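This note is for a colleague who is meeting the structure for the first time. Please read the points below with the sequence and the model open beside them.

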Amino acid sequence: MAKTALQFRHNGRDVAVFVEGGVNLLATLRDLVGDMTPKFGCGQGGCGACTVLIDGDAHLACLTLAETVEGRSVETLDGLKDGPNLHPLQRAFMEHFAAQCGYCTPGMLMAAKALLDHNPQPSREEVVNAIAGNICRCTGYEPIINAVLAAASGGRARA
Amino acid sequence: MPVTVKTFATSGEAAAALSSERDARYLGGGTLVMRALNEGDLSVSTVVRATDRALTQLDIASSRITIGAGVTFARVLAERELAFLHPVAGSIGGPAVRNMGTIGGNLFAPMPFGDFAVAMLALHATVSVQGGYGARDTPIEEFLAGRDRLPGALVLSISCQRPSGADAFRYRKIARIKPEGGSVVTLAGYLPMSGGRIVGARIALGAMAATPVRAKAAERALEGRVLDAASVAAAVAAATEGTSPVNDSLASAWYRREVVGVHLRRLLTGQD
């Protein structure tokens with residue numbers, strides 16, 4: 001079957017790949033672009049491990065048809081750090097022990113980034129709602145919520 | 001298995017492609033069709049898309065509102081004019097699902113999903129459908145009853161009357177996982193008042209049958225009555241009539257039948 005040419009911005013860099021019909025954005029990012037940060041969890045939209053930002057809004061890469069991001073901007077965890085410097089959210093996750101096995105962490109960080117980009121000073125309830133679509137089976141969520149709140153209050157000063 | 005993706009500039013061309021190919025599915029936000037593809041659903045051989053801007057239009061200035069089929073739940077939540085639908089849109093998925101899932105797609109969501117359709121059923125909505133021979137408007141009840149036998153049709157928009165008062169439209173979703181999760185039971189009520197009495201009561205239930213259904217016996221118990229203890233008790237007693245819930249991982253059919261009356265009482269009396 002014929003492949004389709006696809007071009008989009010990946011963490012600020014233009015990429016061009018050929019995708020097969022029906023392939024999702026997660027497989028495109030992992031297999032064709034080589035960005036392993038978005039994870040495959042359920043493939044059903046239930047776990048949030050594949051959360052990426054498309055034009056600044058949180059989307060599930062596994063439920064996004066690759067062709068629909070033509071000409072759009074896709075941000076993943078791989079683009080969060082600035083060279084050797086971790087993003088304030090990443091540092092807060094480390095300091096608050098918000099990652100154990102780490103499988104949900106890329107999705108959690110992107111969901112949290114989507115929140116803070118739109119709402120730099122969220123309430124605790126707003127943080128809970130922002131990560132409601134992301135499942136973590138290790139931490140019990142409290143350290144994650146605390147990390148996002150800490151990044152929100154102190155992020156810019158330490159960035 | 002790779003599928004063929006066909007993208008069209010207009011909804012008319014997309015509808016024509018859907019009607020000419022047997023195994024074609026329309027892709028809206030992706031939360032239903034991409035899930036099916038990820039699970040290896042071989043019944044889908046062609047995916048049809050439309051980039052038509054008309055599909056994402058909102059017409060909400062007057063008392064009758066029209067929402068394009070491609071409008072997302074996040075967009076509904078961003079519109080102050082649609083505040084009466086915010087509890088509905090906000091009860092669906094997490095933020096990423098709400099950024100993707102569409103109003104049109106929700107009409108096809110199998111139980112325990114499809115909460116927006118429950119609200120639209122209570123609000124007496126009309127679904128505009130583009131078929132091979134042009135567009136037609138269908139009452140949502142008729143649409144939902146026949147949604148699995150709709151080959152070659154594309155939903156363009158959904159419209160309903162804005163509820164007259166703040167109390168006229170009520171919504172509750174019972175889920176085990178909060179703030180997101182599939183529905184144990186979803187209830188939406190439209191109770192317009194005239195001279196202190198209910199005129200034109202509509203109660204819609206989600207996860208109580210294969211599609212959202214009206215609780216017609218409960219509606220009859222409320223019609224023309226004052227909303228008081230007696231009429232509420234009569235509606236609650238009739239709540240399960242015409243329903244056919246099933247067992248799933250969230251609740252048994254028995255449990256759903258047991259609790260739907262409890263939650264209908266809370267909906268009608270405004271209890272939390």
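1. A residue is called buried here if 20 or more other C-beta atoms lie within 10 Å of its own, exposed if 12 or fewer do, and partly exposed in between, with C-beta atoms placed from the backbone. By that criterion, buried residues make up 48% of the 159 residues in chain A.

2. The model is predicted, so local features need pLDDT of at least 70 and side-chain atom pairs count only at pLDDT 80 or more, while totals for chains, interfaces and linings use all residues. Residues are numbered from 1 along each chain as its sequence is written, and chains are lettered from A and ligands numbered from 1 in the order in which they are written.

3. Chain A has five helices and five strands, in the order β-β-α-β-β-β-α-α-α-α from the N terminus; helices (H or I, at least four residues) and strands (E, at least two) are DSSP runs, numbered from the N terminus. Chain A is as compact as a globular protein of its length, because its radius of gyration is 16 Å, close to the 15 Å that the globule rule gives for 159 residues (the radius is taken over C-alpha atoms, and the rule is 2.2 Å times the number of residues to the power 0.38). The C-alpha trace of chain A spans about 50 × 30 × 25 Å along its principal axes.

4. Within chain A, helix H2 (residues 88–95) and helix H3 (residues 105–118) have axes that come within 10 Å and cross at roughly 125 degrees. That angle makes H2(A) oblique to H3(A), since angles under 35 degrees count as roughly parallel, over 145 as roughly antiparallel, 65 to 115 as roughly perpendicular and the rest as oblique. Axes are lines fitted to C-alpha atoms, for helices over the stretch in contact, and angles run from 0 to 180 degrees between N-to-C directions. The contact is made by Leu89(A), Gln90(A) and Phe93(A) of H2(A) together with Thr105(A), Leu109(A), Ala112(A) and Lys113(A) of H3(A), where two residues are in contact if their C-beta atoms, placed from the backbone, lie within 7 Å. The buried residues of H2(A) include Leu89(A), Gln90(A) and Phe93(A).

5. Two backbone details of chain A deserve a look. Phe97(A), in the loop between H2 and H3 of chain A, has a positive phi near 55 degrees although it is a residue other than glycine, and it counts as partly exposed, with 13 C-beta neighbours inside 10 Å. Asn11(A), in the loop between strand S1 (4–10) and strand S2 (13–19) of chain A, has a positive phi of about 50 degrees and is partly exposed, with 18 other C-beta atoms within 10 Å.

6. In chain B, the loop between H6 and H7 holds Pro112(B), which is joined to Met111(B) by a cis peptide bond with omega of about 10 degrees. Phe113(B) is placed in the loop between helix H6 (103–106) and H7 of chain B and counts as buried, with 21 C-beta neighbours inside 10 Å. Helix H7 (residues 115–122) of chain B is mostly covered, eight of its eight residues being buried, and just after H7(B) the residue His124(B) takes a positive phi of about 60 degrees.

7. Where the chains meet, 22 residues of chain B are in contact with 26 residues of chain A. H5(B) gives the most to the side of chain B that touches chain A, with five residues.
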